[in-house]
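Take a moment to look over the sequence and the fold before reading on. Then let us walk through a couple of its parts together.

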Amino acid sequence: MDLKALSDQFWRDGYLLIEDFFSMQLMDQMTNAINEHYGVDPEFWHTNEFLDRAKTEVIPWFPQNEGCLLFNEIDQHPYFKALSKAVLGEDSQTLYCMVMFSKQGTVGQAWHQDCDPDDPKRFNINRLIYTSDIRQDIGGEIVVVPRSHLRGEIPIGDPEGELPGQLVLRPKKGSLIFLHGHTWHRVLPIHGGNRISTNYRAVPKGTPLDITDICVYRNMRYHFGSNKVVEERQ
């Protein structure tokens, strides 16, 4: 694995997709733990206002906070650690591990940036693990605008409308995606089954640990700590 080439690709494009990164055995173990936690029909976690305005129907779970040691294996994976170090630097810090569960028939996630892009030197990175295939017949594909992490705030507009230059990604089971927090991205609707991804968020040295508290959508800025819209974008 050429760490420098992969790091350079990430910083050029604002995202990086690597398939067959994790073992199928570990992916199956994680899937079983996730399904056991959520059960058949989990309830939504966010407020109705957020679900309506953000067009984002995701139910989060923070397994490491509940002592689920299985999820520590990703943090200890040698290539995962090495790539994270190459991209983020020596003294980067993991924020948290968050499983994101979307039910069949839900809208996915509208266009957004995971943190405020006003200061280009302050950002988070999403390190996304896929324990099952993201397929066209199921939905839930990830859509990114390459190099948009260099373009500042996502433009005001339709939260779910297409953006010029967008690229649809369908990671397979065992894949890893690194995604810059300023990159414009969304998740397409889920129509053929439930959708799962697991995000090990991290930040470079010196980044505020609350960097992801405010998320930028095309129609608003939302503060997760207070569950409130903090800016209308029209």
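This report looks at a helix and its surroundings, and then at a sheet.

Keep in mind that this is a predicted model.

Let us start with helix 5, which spans residues 78-88. Which of its residues are buried? They are Phe 80, Leu 83, Ser 84, Val 87 and Leu 88. Because these residues cover an arc of only 110 degrees around the axis, they lie on the same side of helix 5. The face turned away from that buried side carries Pro 78 and Tyr 79, which are exposed.

What covers the buried residues of helix 5? The table lists elements that are included in this cover.

| Element | Residues |
|---|---|
| helix 1 | 3-13 |
| strand 1 | 15-18 |
| helix 4 | 72-75 |
| strand 5 | 125-129 |
| strand 8 | 176-180 |
| strand 10 | 195-203 |

Finally, look at one pair in detail. Strand 6 (residues 142-144) and strand 7 run antiparallel and are joined by three bridges. Where does Val 144 find its bridge partner in strand 7? That partner is Leu 167.

Key: Residues numbered from 1 in each chain as written. Predicted model: local features only at pLDDT ≥ 70, side-chain atom pairs only at ≥ 80, totals over all residues. Heavy atoms only, no water. Buried < 20%, exposed > 50% of the residue type's maximum accessible area, 1.4 Å probe, protein only. Helix = DSSP H or I, 4+ residues; strand = E, 2+ residues; numbered from the N terminus. Arc of directions from axis to C-beta. Contact = heavy atoms within 4.5 Å. Pairing = 2+ DSSP bridges.
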